[in-house]
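Have a look at the model first, then read on.

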Amino acid sequence: MSHSSPPSETLIKTKNLTKRFGRVLANDAINFKVKRGEIYALLGENGAGKSTLMNMLSGVYTPDEGEIRVHGKKVFFRSPEDSIRCGIGMIYQHFKLIEVMTALENIIIGHRENLFVTTPKIRRRVLEIARRYGLPLDPDKKVYDMSVGEKQTVEIMKVLYRGADILILDEPTAVLTPQEIKNLFAILRRMKEEGCGVIIITHKLHEVMEISDWVTVLRKGQNVGSVKTSETSYKQLADLMVGRSVDLSIEHVHIEEKTPVLEVRGLTLTDHEHVKKIDSVSFTLFSGEVLGVAGISGSGQKELCEALAGLYPVHAGEIFYKGEDIVGLSSREIIDKGITMSFIPEDRLGMGLVASMDLTDNVILKDYYRSPGPFVDRRSAQEKTIKIIEDFNIQTPGPHHPVKLLSGGNIQKVLLGREIMSRPHLLITAYPTRGLDIASSYLIYDYINREKKKGTPILYVGEDLDVLLELCDRIMVLCDGKVTGVVDTDETTKETLGLLMAGETLESIERMNA
Amino acid sequence: MLASFLHAAVIAGTPLSFAILGEILTERAGKLNLGVEGLMLMGAVIGFKTALLTSNPFLALCGAALAGAAGALIFAFLTVTLRSNQVVTGLALTIFGTGFASFVGQGLAGFVTPEQVKSFFHPLPLPLLSRIPFLGEVLFDHSIFVYAGYLVVIAAYFYLYKTRFGLNLRAVGENTAAADAAGINITKYKFVHILAGGILAGLGGAFLSLVYVPTWQDNITTGRGWIAVALVIFCKWNPIRIFIGAFLFGGLDIIGFRLQGLNIHISQYFFDMLPYIVTVLILIMMSVKDSKESSPPAELGRPYFREDK
Amino acid sequence: MIQIVKKGETSKKKKILIHISALFFALLTASLFILLMGHSPLKVYLSMIQGAFGTSYRLSETIVKTIPLVITSLGIALAFRMKFWNIGAEGQIIMGAFGASWFALSYPHLPSWILLPLMALGGLIGGGLWALIPAFFRARFRTNETIFTLMLNYIALKWITYLQNGPWKDPGALGFPKIPNFHEHAVLPRLFGIHIGWLIALILVALSALFINRTKKGYEIQVIGESENTARYAGINVPGTILTTIFLSGALCGLTGMIEASAINKTLSVEITGGVGYTAIITAWLANLKEPLIIVVSFLFAAMIQGSSYIQMAFQIPQSAAEILQGLILFFVLGSEFFIRYRIHIRRNPVKGVS
């Protein structure tokens with residue numbers, strides 16, 4: 001990297017950058033440029049081609065056409081190493097950290113200098129950089145002991161240590177609390193002052209408005225507009241992003257009559273190393289209610305859902321369904337009691353569906369055993385599959401197509417379709433819109449609301465606080481397996497949720513505000 | 001008595017220590033090579049044949065190392081470049097290596113290692129160290145091949161935990177995508193360490209045919225390659241623990257023979273089973289108490305394709 | 001520069017073409033070895049074919065060698081479907097043969113129609129229980145089954161060595177360590193000139209295909225093979241299914257042991273398997289774990305083994321050449337899978353601009 005260049009120098013520029021996957025045009029002639037001291041936003045919904053673009057900039061993918069210029073020079077990346085050497089630093093959404101290593105080890109991986117690692121000199125330099133950018137860093141902490149925010153700090157340090165002056169952050173706020181987001185933005189502004197160029201890839205409009213200087217909107221792989229942030233509006237960006245004038249609000253259904261259906265008391269779950277994943281959690285779920293579950297990822301959401309569905313051993317506590325304790329029952333025993341519980345797990349292809357099997361074999365996954373005799377009844381299963389395909393408008397060549405070859409939205413519709421077709425008495429969903437585009441996401445919210453109108457109690461585990469606030473009636477916040485607060489969505493704010501996610505309680509927040 | 005038993009155990013454990021170390025390096029790069037048995041056999045037969053033809057110990061060792069490297073190269077090319085299934089490729093390598101060894105070894109059965117080679121590998125008490133009571137006899141009165149075994153294990157330990165190459169290697173095995181994104185040439189790391197693994201396995205085999213037995217017999221390894229794969233788990237992928245694992249098994253290898261000398265009459269065939277039974281017990285033990293620090297490299301057995309999502 | 005691109009679905013025709021060319025390249029590579037040894041590859045291959053199919057006797061020998069491969073492959077395929085890497089077929093065959101031999105040697109005077117089913121039962125149980133040991137630990141503690149099953153091969157082998165040299169040693173063999181021959185009641189009958197094992201194999205192929213593709217248990221096995229998490233989610237009893245399936249897998253291998261002991265060796269010995277347990281891993285894999293294909297691949301491999309024992313006499317090429325050839329074929333087929341999943345793009349080298 002060269003600090004000698006003038007401050008307004010163009011750091012990185014793309015010209016007609018194009019990438020295809022098979023017949024899919026993932027990026028079609030993308031052009032943008034970032035100058036020193038600028039924060040540049042790449043805005044687009046899931047599937048718009050943001051990740052593809054980022055992967056080309058970081059040398060993970062090789063472009064099919066077009067060129068990248070860094071510091072005015074045309075470059076060609078064969079591997080991430082080439083990109084790093086040009087001063088490009090990538091901070092991935094899914095952190096690329098080695099769990100069993102320390103922060104310091106993670107920072108110096110792949111760096112070519114001394115033969116020996118962890119010398120005092122290297123250590124001093126790392127700490128010095130952390131101080132300059134105001135990053136809190138414990139160099140000897142193992143990654144598996146870190147919070148999400150700490151992990152992100154290590155990722156940023158990795159990039160800075162290599163002297164990168166072009167930083168690309170992929171959906172950096174996806175898993176952070178509002179407070180952590182504030183800290184992150186402060187760091188980004190600091191980098192801007194230090195003369196770095198920052199590219200932030202996101203689908204969150206208000207973040208674009210808050211932090212960026214310039215914004216380029218991507219839709220279906222196309223560059224649909226590049227504007228100065230100060231000269232655009234929230235509404236204009238939203239319309240550009242989706243391609244038509246949109247109303248980005250979620251219907252909030254109000255159901256008056258509510259009866260308690262599921263009662264959880266003092267639920268405690270431990271993993272095989274006896275670490276508490278859920279710690280004496282109690283709550284009640286009412287009919288016709290969407291109860292949201294918020295929390296930074298890994299706060300026990302997964303275990304909670306699985307325990308309710310009879311898939312995770314309960315260490316202590318009770319789960320009552322209409323007064324009947326269902327603790328210790330397997331998922332099948334719960335169903336055999338006449339309680340149809342639908343669980344849409346976050347890992348669709350790894351838990352909810354069998355990736356390489358066809359739609360029909362996936363549709364029968366939970367009730368294949370009910371047909372009489374030793375054989376699987378695929379004939380009636382096929383009829384059911386065709387009905388799901390029609391009802392949920394699933395785009396597939398037929399009922400015998402492997403699910404893994406469907407698009408993300410259609411995969412989720414197969415899962416949701418199967419579960420809703422079973423007329424559930426209780427619906428548990430974990431991150432049902434993760435990775436889906438806006439149209440598919442809104443369809444999912446619709447289905448959830450439809451179930452709610454039928455009076456089905458719904459537990460909705462989500463990560464986007466805006467969606468949680470609009471869709472749910474109440475939100476239960478988890479932190480480290482404990483409930484830090486249950487709030488009515490009409491009477492709370494995103495900031496409160498953020499503080500609860502970070503481990504504050506409603507009382508401590510009140511005291512803070514007082 | 002005990003000292004002479006342990007002395008023999010160290011010798012019997014040496015081929016294992018080479019093979020285990022080789023497999024540790026391979027697995028640290030994220031590759032599970034089940035072909036160790038085949039690689040050892042290839043090294044054993046080529047080492048032996050070269051010794052017969054040239055009577056030169058160096059050439060014999062080079063031959064064995066090359067044979068192991070050649071076998072490992074097949075494995076590396078298939079699993080890294082062509083991303084084939086590692087389990088099946090390893091099995092294929094064992095089948096191939098077994099066939100290769102009996103093919104090349106056809107007609108060699110009964111031949112003895114040439115005198116020049118034998119004398120080169122004669123015990124060589126280390127000055128000073130061998131005079132340490134007990135330990136001196138157990139550890140420092142051996143062939144230079146055994147000392148070489150100590151050295152590579154210790155060197156590998158420092159390499160793995162103290163150098164940046166070792167750090168990068170561990171990164172490759174723990175999270176290939178992260179290592180790749182950090183600019184590490186993962187293909188190179190995988191090839192180099194799989195090849196190193198092959199060379200070490202080949203040398204382990206050569207120790208059997210040149211020093212330990214030292215004549216040719218079909219299937220000379222009798223499952224040591226497999227035991228080595230199991231002991232990698234016991235060693236928790238840490239070279240320094242080879243000293244426990246390999247020499248414990250060296251002891252099991254010879255205990256039946258020793259006890260017969262003491263007029264304890266349990267059928268020799270049960271003692272022959274012992275290493276395999278203990279291997280199984282160790283596997284069970286390691287799986288019952290698994291923890292984060294002793295778990296295998298996270299990428300073990302998984303293929304990696306950068307453009308996969 | 002070379003670019004690798006992931007493909008979508010590859011057509012069946014193309015897959016077969018790719019596999020056949022892999023086979024061709026394997027044979028081509030083997031030709032180089034044969035040339036180096038100073039023989040004509042064409043002649044060697046031709047006499048291998050002659051050796052395997054040339055006379056009706058050789059053909060029947062090839063079929064006899066196909067039988068254990070088919071049944072063992074079925075057993076292995078069952079386990080592999082569940083991604084349980086059972087490479088202990090060798091030991092399961094031995095323990096099956098041991099179970100069968102126990103009946104054969106203990107009740108030699110029972111009539112055939114009682115003794116043979118009892119021996120089959122002994123084979124099924126012997127192999128099944130032997131496989132159940134690693135299955136239990138895998139289901140309970142996730143113990144690595146690959147090495148476990150393999151270690152059990154060696155233990156089984158030592159066990160037979162012990163019997164052969166000790167308690168079961170034939171007193172009439174003049175000190176030679178061998179187990180007595182079976183009574184003729186314990187020998188499988190023949191049908192159309194070949195022992196009845198071929199019929200058993202065909203029936204088992206049909207049953208296995210029906211079991212895995214049509215039954216609920218078969219469906220559960222496939223779900224577990226894809227993802228244990230999904231299986232749990234679906235309410236499948238994962239440990240229970242692992243135990244049943246692996247018992248069946250081992251039982252099939254054990255039955256192979258019974259058939260080989262009864263029809264071929266007419267006794268129990270350490271050489272009972274002839275390496276079938278390992279070869280069957282290859283045949284099961286090459287057949288893509290599909291039952292009908294297992295017959296085809298096993299037959300070809302049996303022909304290769306039979307053919308190579310013939311060229312041993314004709315060309316003095318050691319029989320282990322067959323093993324090398326097996327390894328080579330597997331290498332090439334494994335490598336060829338790449339071309340089913342990926343496409344290679346070769347582009348002109350763009351400008352290198354990295355400072």
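The side chains of C:R138 and C:E145 pair up in a salt bridge, 3.2 Å from N to O; the term stands for a Lys or Arg side-chain nitrogen within 4 Å of a carboxyl oxygen of Asp or Glu. Both C:R138 and C:E145 are buried, which is to say under 20% relative accessible area, with exposed meaning over 50% and partly exposed in between (1.4 Å probe, protein chains only). Through shared partners, salt bridges link C:R138, C:R142, C:E145 and C:E228 into one network.

A few ground rules: this is a predicted model, where local features need pLDDT of at least 70 and side-chain atom pairs pLDDT 80 or more, while totals for chains, interfaces and linings use all residues. Residues are numbered from 1 along each chain as its sequence is written, chains are lettered from A and ligands numbered from 1 in the order written, and side-chain values use heavy atoms, leaving out hydrogens and water.

Over all chains, the salt bridge count comes to 42.

| Pair | Closest N and O atoms | Relative accessibility |
|---|---|---|
| A:D165 and A:R36 | 3.4 Å | A:D165 1%, A:R36 12% |
| A:K276 and A:D279 | 3.8 Å | A:K276 47%, A:D279 14% |

A:D165 forms its salt bridge with A:R36. A:D165 sits in the loop between helix 5 (148-161) and strand 7 (166-170) of chain A, and A:R36 in the loop between strand 2 and strand 3 (39-43), so the pair ties together parts 129 residues apart in sequence. Helices (H or I, at least four residues) and strands (E, at least two) are DSSP runs numbered from the N terminus. In the other pair, A:K276 is partly exposed, whereas A:D279 is buried.

Chain A also carries a positive surface patch, made of A:K13, A:K15, A:K33, A:K35 and A:K228. Patch members have over 30% relative accessible area and no salt bridge, with like charges joined within 9 Å. Strand 1 (10-21) and strand 2 (24-35) each supply at least two of the patch residues. A:K35 belongs to strand 2 and, at 31% relative accessibility, is partly exposed.

And chain B? There you'll find 13 helices and two strands. Its radius of gyration is 19 Å, close to the 19 Å that the globule rule gives for 309 residues, so chain B is as compact as a globular protein of that length. That radius is taken over C-alpha atoms, and the rule is 2.2 Å times the number of residues to the power 0.38. Of the 309 residues of chain B, 61% are buried.

Technical notes
Patch = residues over 30% accessible without salt bridge, like charges linked within 9 Å, V, L, I, M, F, W, Y side chains within 5 Å. Areas by Shrake-Rupley, 256 points an atom, 1.4 Å probe, with all protein chains shown as cover. Lys, Arg positive; Asp, Glu negative; His and termini not counted. Charge placed at Lys NZ, Arg CZ, Asp CG, Glu CD.
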